[in-house]
Amino acid sequence: MAYPIRRWPVVVIFFSFMLLHQMDKLLIGPLTTPIMETFRINEAQMGAVFSGALLVGGLLYPVWGYLYDRFARPKLLALAAFIWGSTTWLSALAPNYSTFLVTRASTGIDDSSYPGLHSLISDYFEPGIRGKIYGLLQLAAPLGYLLGMVLAFSLRDVIGWRGVYYITGAMGIILALAIYRWVIEVPRGRAEPEMAGLEQISVYKFDPKLARGLFRKKSLVLLYLQGFFGVWPWQVITYWFFRYLETERKYSADVIMITMLVAVLVLASGYFIGGAIGDFLFRRTRRGRIIVCTAGVFLGLIFLVLTMKTPPENYGTFMVFLILTALFIPFAAPNTLSTVYDVTEPEVRSTAVAISNFIEQGGTAVAPFLAGLIATVSSLGDAILIICTAGWLVCGTIFPLVGWLLPRDMDALRQLMRQRAEMEMARG
């Protein structure tokens, strides 16, 4: 298949964008304690800070999705990177809790910018290898978390948490310039197998009728539903696990650093491994990716329970179970994203993922605040375990239903793409 651009330099730029953006976004975890001390707030108030940015991002997902399907995706991604840098600087300047709550919420504007990036990648790479590519890009989240942790623990006592945010805000501006200069738009649907060998492809843009039709795809609707609950564990672990290790397990900063370094590196590998296994099984059965999602959810839940139930003094056992948890819980991420693209038309893929992210953001906004409330009457350990167990049990029930319905929706997309390919050849 011929491509008008070199694909891998774009992947490198997108990986850098996601890595540094996730680092900036997830810094709030390791910086939670100094921020709480600065503004003299409790867990519930800090939970509101977490949820504010998540809520803003969630509300804007449909807007970003429409814009990406309607206009040039690279220019919008550059704009998102610029907004990231600017709003991060504003939050660093906040003089009091109320202002910080508002400015931190504004950082959620660019958090909903990923649907365009993902849909652009779907037009660079054919379906059979998308799981690996998305798994590779999703390495950025845990690695960004790791870099943020190192940056936070290294500099928060030297330049303060505000200084750390000045640095990451500058990175957003630099990435905005890089994306604007070097990322190029490609025709929507270019990488679909039916389009192989075609020199010219018609321009397909957002179609309201197709967008409404997304809700008639039963497998996709179920994926949307599981997404609301599937993000609960991620958000609770992301925002509260550092404080749990500090305050309830009483681990020192050095022990926490080592613990999270190992766990995050394993977590990062889980994205690529899960995506690769999903691609392998997908080439053998159309339900292959959903099989990997289901296995990852249940194995992750089992090992998380064992992790949280291990006494603090049994550090070796705790680390073994934590590593196993970290390996399996990312398996679903690249496979659910690839599955969305396996059933949706190219010109509404940003919208399809934006809807998914919008629904997920509802769960994302609820989970940290709910965990903070549970922690005030019980413990963070209980809060983490309760919310993770509930979320993953729901997902583990929904995924098999998705697998049952999936082939019909996939067949409908393949038929449409064959019809379009025939029309393109007739025009040629």
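At what angle do helix α3 and helix α16 pack, and how far apart are their axes?

Guide: This is a predicted model, in which local features need pLDDT of at least 70 and side-chain atom pairs count only at pLDDT 80 or more, whereas totals for chains, interfaces and linings use all residues. Residues are numbered from 1 along each chain as its sequence is written, and side-chain values use heavy atoms, with hydrogens and water left out.

Helix α3 spans residues 43-70 and helix α16 residues 349-377; they pack at about 175°, and 8 Å separates their axes. Axes here are lines fitted to C-alpha atoms, for helices over the stretch in contact, with angles from 0 to 180 degrees between N-to-C directions. Helices are DSSP runs of H or I with at least four residues, strands runs of E with at least two, both numbered from the N terminus. The angle makes α3 roughly antiparallel to α16, a term for angles over 145 degrees. The residues of their contact comprise 16 nonpolar, eleven polar and three charged. Nonpolar covers Ala, Val, Leu, Ile, Met, Phe, Trp, Tyr, Cys and Pro; charged covers Asp, Glu, Lys and Arg; the others, Gly among them, are polar.

In the loop between α2 (32-39) and α3 lies arginine 40, whose phi is positive, about 55°, although it is not a glycine. Arginine 40 counts as exposed at 78% relative accessibility; exposed means over 50% relative accessible area, buried under 20%, and partly exposed in between (1.4 Å probe, protein chains only).

Valine 340 is found in α15 and is buried, at 5% relative accessibility. Not counting residues up to four places away in sequence, valine 340 touches Leu220, Leu223, Ala352 and Val353, where contact means heavy atoms within 4.5 Å. Between valine 340 and leucine 220 the C-alpha to C-alpha distance is 6.6 Å, although 120 residues separate them in sequence.

As for the chain as a whole, it holds 17 helices and zero strands. Its radius of gyration, 21 Å, is close to the 22 Å that the globule rule gives for 428 residues, so the chain is as compact as a globular protein of that length. That radius is taken over C-alpha atoms, and the rule is 2.2 Å times the number of residues to the power 0.38. Buried residues make up 60% of the chain.

Conventions. Parallel < 35°, antiparallel > 145°, perpendicular 65-115°, else oblique.
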